[in-house]
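This briefing goes through one protein chain, topic by topic. Please look at the sequence and the structure before reading on.

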Amino acid sequence: MSTLARAPSNHRIPPSGGIFLNFSDQARTARPENWKKKKKKKKKKHNCIDFSVAMACMKLGSKPEVFHLDGQSWFCSTGLPSDVIVEVGEISFHLHKFPLLSRSGLLENLIAESSVKEENKCILQLHDLPGGAKVFLVIAKFCYGVKIELNASNIVSVRCAAEYLQMSEDYGEGNLIIQTETFLNEIFGNWTDSLKVLETCEEVFSYAEDLHVVSRCLNSLAMKACADPSLFSWPVSGGRSAVQSPEGGVFWNGIGTTAKPQSVGDDWWYEDVSLLSLPLYKRLILVLESRGLKPEKISGSLIHYTKKHLYLLGRESSFENGDRATLGSTMSSPPNKEQRNLLEQIVELLPDRKGVTPTNFLLRLLRTSIFLHAGHTCRENLEKRVGAQLDQAVLEDLLIPSMGYSMETLYDVDCVQRILDHFMIVDRDMSDCTLTSVVDEGQLIGGSHSLTPITMVANLMDGFLAEVAPDPNLKLPKFQSLAAVIPEFARPLDDGMYRAIDVYLKAHPWLTDSEREQICRLMNCQKLSLEASTHAAQNERLPLRVIVQVLFFEQLRLRTSVAGWFFVSDNLENLQNHSGNLALTRTELSHQAGTRQNQVVAVDNVRERVSELEKEGLSMKEELEKMVKTKGSWNMIFRRFGFRPKSKSCDAKVTKNCNNGKEQPSAAPAPAPVVNGSKNPKNGEVEA
């Protein structure tokens, strides 16, 4: 049997609206005579929702304020002595039983238990009440019919407290549970208020989760974020409640009187959701993915959130210029666990689609993960993501400082090696898919690019090798392994590789001749440009064999060019002779004469260059012959290069025949010397 049934007959509880307490004749004279009329007026205002202000609010009750605070206690000045004390935390409320038990099932049970114990003073303890004393004050005013205001800041706590106190319709019509639910449904239609409600859910998260307030709020926000902002003018960031036009008209939910709302971009909600805590933000991103939001928008929001909260994201930039002292002091301090957890959570939320997340952002995350000592899974995930789109990276982003405890090298070459290996795996898989798929000719022509991804990565790695080459702690095997990953066909020119090798040889003068030979095998002398060949021919750090190869291929290239020029010149002369009978205009004749003159000048320049190279090769041959005469061991070097000097017996025989003036039968000509597998057209001369 409930407490209401045990109440005296002169205690009457109104069915709805306010609370009418008929304690005694004294109380009857102390209260207004027209109580029922006031009750009806209050019922009309009981469910008043006001959207005219910046934040939506709901006003309940009609009576004036009767509560006042005295120290740590709240008192209700109704003229009646208090018969129950409710303790919430350190705050106590001196109230009356019947306004409370008429609205709350929990308080009814607690008061009944206290009455059974026949205590002089009823003291109730509600230390676990959601929202604490601040929320209980609102509930107490509601029970007494005093004016209260519900808004997005307190609605979640009041809703959870109403559920905790069992303030359902069984304890009065229009009770607090139904009132708060009605207001929440109104709030979920507004972006700013929904965001505010979600933020306040953290204060009473377990209760809000059980009541599905969090999930409903997330769905409301996700629906608005996925909607087209050009079709639905949600109140977006700026005022976080209303959009104001340049003319001064205020819009609410797209309704205005003076002008249309200004257009917003797809990133209008990034800043608003970045104010959420990580658990709530993560759940919002998962809901957005389930609703099919574009990965580009999700990635943009994650980047915005990371830059706002991961403050260590830019700290690694202080190490790029070789600030080893700062690096050492930072490494001695323990890593920030919150920052590391944030980083790992963000990496898990990143979309898997290639190219959606910028490569430079992924590399910055990778640097930060190394600095924070993130888990192996997190770093491996980032390395694979970077490797899949390595062709979009730039050299500055690849210069990751080495943050290990040993710090053998200035930059983390091993990390770049793993990234490059993963790129080669992805590129090989893509090449296999391209070969197996049937592509028509139009697609091949339209989809052709000047630089393939692997060529771009080859140029990137050449630049990276040139940057890390000056490090004296960089071992030769590590340099070779990184350079050998890129296949030879990926480099149209080997100028970048030559530059990296030259820098490495300059920074490591203690290398042996054998090691110099090994590192020079990484480049192809035939794929050097004219400028690189000229520099290599005069480079004293290169082995002698490499210099000879460079000179030979450059001379061969120039001779081929001269032959091509002569061929073009002959064709032009023939064309001019056959077209003499044609009527050419004066302008065409002058243009042809100018072109012919330019071609003659170009041929003359090429001839001069060939003559210079022949003189250099002859001079080098003479110096090498002198060295052979002084030291017989150099014969092995000439045999290795394919150089063979003239035979003395053959020279004597030819001289004798000339002196006698007799015609000798022609003997078999001596085999021409071979240089790198190519025979010399001139008898007995060494071609460089």
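Leaving out neighbours within four places in sequence, Glu 383 is in contact (heavy atoms within 4.5 Å) with Leu 366, Cys 415, Arg 418 and Ile 419. The model is predicted, with local features needing pLDDT of at least 70 and side-chain atom pairs counting only at pLDDT 80 or more, while totals for chains, interfaces and linings use all residues. Residues are numbered from 1 along each chain as its sequence is written, and side-chain values use heavy atoms, with hydrogens and water left out.

**The chain overall**

- The secondary structure comes to 30 helices and 12 strands; these are DSSP runs (helices H or I, at least four residues; strands E, at least two), numbered from the N terminus.
- Of the 688 residues in the chain, 43% are buried, where buried means under 20% relative accessible area, exposed over 50%, and partly exposed in between (1.4 Å probe, protein chains only).
- Among contacts with a separation of 6 or more, 70% are between residues 24 or more positions apart.

**Glu 383 and Asp 421**

- Glu 383 is placed in helix α18, and it counts as buried because its relative accessibility is 11%.
- Asp 421 belongs to helix α20 (residues 413–436) and is partly exposed, with a relative accessible area of 33%.
- Asp 421 and Leu 482 are 61 residues apart in sequence, and their C-alpha atoms are 9.2 Å apart in space.

**Helices α23 and α25**

- Helix α23 (residues 476–483) packs with helix α25 (residues 513–520) at an angle of about 15°, and their axes are 10 Å apart. Axes are lines fitted to C-alpha atoms, for helices over the stretch in contact, and angles run from 0 to 180 degrees between N-to-C directions.
- The two helices α23 and α25 are therefore roughly parallel to each other (angles under 35 degrees; over 145 is roughly antiparallel, 65 to 115 roughly perpendicular and the rest oblique).
- Leu 476, Phe 479 and Gln 480 of α23 make the contact with Glu 515, Gln 518 and Ile 519 of α25.
- The residues of this contact between α23 and α25 are 3 nonpolar, 2 polar and 1 charged. Ala, Val, Leu, Ile, Met, Phe, Trp, Tyr, Cys and Pro count as nonpolar, Asp, Glu, Lys and Arg as charged, and the others, Gly among them, as polar.
- Buried residues of α23 are Leu 476, Phe 479, Gln 480, Leu 482 and Ala 483.
- Seen down the axis of α23, these buried residues fall within an arc of 165°, so they line one face of the helix; the arc is that of the directions from the helix axis to the C-beta atoms.

**Helices α22 and α24**

- Helix α22 (residues 453–468) and helix α24 (residues 495–507) pack with axes 8 Å apart, at an angle of about 10°, and α22 and α24 are therefore roughly parallel to each other.
- Asp 462, Leu 465 and Ala 466 of α22 meet Gly 496, Met 497, Arg 499, Ala 500 and Val 503 of α24.
- That contact of α22 with α24 has 5 nonpolar, 1 polar and 2 charged residues.

**Positive phi in two loops**

- Most residues other than glycine have a negative phi.
- Gln 166 has a positive phi, near 60°; this residue lies in the loop between α7 (155–164) and α8 (176–187) and is partly exposed at 35% relative accessibility.
- His 373 also has a positive phi, near 55°; His 373 sits in the loop between α17 (359–371) and α18 (376–388) and is partly exposed, with a relative accessible area of 30%.
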